[in-house]
Amino acid sequence: VDTKVTVTAESAMVNTESGTTSGTISERQIQDVPLANRSVLDLALTLPNVSGDAGTENPSLVTVTTCPGCNLSVNGGRPMSTLLMTDGTNNTGISLARTMVSFSPETVQEFTVLTSAYSAEYGTSGGGVIMTTTKSGTNEFHGTALWYNRNPAFAAAPFTLAAANRPVATLKYNQFSLAAGGPVYIPKIYNGKNKTFWFAAVEPFSRRDH
């Protein structure tokens, strides 16, 4: 008895089915790249034909209106002309073309940026399309927990010629993130494997600088 299994994986040099130019940021890239801003839109700037400022949802980090995604320029389009979508639904603000709902990196499966020649169904864009896909529960329980802390007790004093004039560090910052998902399971009542799943996340933070 002879059994032979052949597995091949070849990427097509030219996509003959669509002329869309796009780039995708995978879950692994989101996990491996440190994001001080805690916004996956920062990674959009690593793709071709994307420039500008990803913005932030945190009002303590900016002196202007929080406007995540609105100042990105895709394929030469003007800022605030990009269509932002999440799980196939329009996630673009009306007054400001920013993301209506922002997602922490632990909740995003991947996102794709369409820069040119995309389908007519995305006709409301003046430059490009950013499509985000969020995570969902699976048959196995998975979770993530992290804590980022910045404390004056561990901060070095800035260098000055006169030691007596060195300012005292006062910034205290705590960033937490909890995310988990899995099958819905109620002992002796319901087993949701292969049928029903759940996923939830929370990201509280506190900042004090005085």
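Buried residues have under 20% relative accessible area, exposed residues over 50%, and partly exposed residues lie in between (1.4 Å probe, protein chains only). The views below come from a predicted model, in which local features need pLDDT of at least 70, side-chain atom pairs count only at pLDDT 80 or more, and totals for chains, interfaces and linings use all residues. Residues are numbered from 1 along each chain as its sequence is written, and side-chain values use heavy atoms, with hydrogens and water left out.

**View A. Salt bridge between lysine 135 and glutamate 27.** At 18% relative accessibility, lysine 135 counts as buried, whereas glutamate 27, at 25%, is partly exposed. The closest N and O atoms of the pair are 3.1 Å apart; a salt bridge is a side-chain nitrogen of Lys or Arg within 4 Å of a carboxyl oxygen of Asp or Glu. Lysine 135 belongs to the loop between strand E7 (129–134) and strand E8 (142–150) and glutamate 27 to helix H1 (residues 27–32), so the pair ties together parts 108 residues apart in sequence. Helices (H or I, at least four residues) and strands (E, at least two) are DSSP runs, numbered from the N terminus. The whole structure contains four salt bridges.

**View B. Salt bridge between arginine 28 and aspartate 32.** Here the closest N and O atoms are 2.7 Å apart. Both residues lie in helix H1, four residues apart, about one turn of the helix. Arginine 28 is exposed, with a relative accessible area of 57%, while aspartate 32 is partly exposed at 48%.

**View C. Salt bridge between arginine 38 and glutamate 106.** The closest N and O atoms of these residues are 2.5 Å apart. Arginine 38 is found in the loop between H1 and strand E2 (50–52) and glutamate 106 in the loop between strand E5 (89–90) and strand E6 (108–116), so this pair ties together parts that are 68 residues apart in sequence. Both partners are buried. Salt bridges with shared partners join Arg38, Glu106 and Glu203 into one network.

**View D. Positive phi at methionine 80.** Although not a glycine, methionine 80 has a positive phi of about 65°. Most residues other than glycine have a negative phi. Methionine 80 sits in the loop between strand E3 (72–74) and strand E4 (83–86), and is partly exposed at 42% relative accessibility.

**View E. Positive phi at lysine 188.** Lysine 188, likewise not a glycine, has a positive phi of about 65°. The residue lies in the loop between strand E10 (185–186) and strand E11 (190–191), and is exposed, with a relative accessible area of 90%.
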